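Here is a short briefing to read alongside the model. Take a look at the chain, then go through the points by topic.

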Amino acid sequence: MYYNTNKESGAVLKNSFDSTKKQEDLVLAVFQTYPKENLSPDDVQGFLVDNIQAAFPITSIRRSITNLTSNNKLEKTNKMKQGVWGKQTHTWKLK
């Protein structure tokens, strides 16, 4: 889902909605590839960059994970991993 906080319209808005949908599909595909794994946003981003050369901002990955969680496709776990900046990061898994 695209939230349109910058008030886009017309073709630009449609393109943003389409792009967001593609990102969510790709993020979900990563979790489907590793259905038993607890994955952080950093894990997902790394997989997308390494395997399909898709470089999305980490905030877009997080938004996709949040939307997929809201749509009951993913669930947040109690397990955390060290992220790329050395801080503990929450993980999600396929629901």
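Predicted model: local features only at pLDDT ≥ 70, side-chain atom pairs only at ≥ 80, totals over all residues.

Residues are numbered from 1 along each chain as its sequence is written, and side-chain values use heavy atoms, with hydrogens and water left out.

**The nonpolar core**
- A nonpolar core is a set of buried Ala, Val, Leu, Ile, Met, Phe, Trp, Tyr and Cys residues joined through side-chain atoms within 4.5 Å; buried means under 20% relative accessible area, exposed over 50%, partly exposed in between (1.4 Å probe, protein chains only).
- The largest such core has 15 residues, and V27, F31, V44, L48, I61, I65 and L74 touch the most other members.
- At least two residues of this core come from each of α1 (10-33), α2 (41-52) and α3 (58-70), with α1 giving the most, four residues.
- Helices are DSSP runs (H or I, at least four residues), numbered from the N terminus.

**Helix α2**
- Buried residues in α2 are P41, D42, V44, F47 and L48.

**Y34 in its loop**
- Y34 sits in the loop between α1 and α2, and it counts as partly exposed because its relative accessibility is 36%.
- Beyond neighbours within four places in sequence, Y34 is in contact (heavy atoms within 4.5 Å) with L39 and F47.
- Y34 and L94 are 60 residues apart along the chain, with 8.3 Å between their C-alpha atoms.
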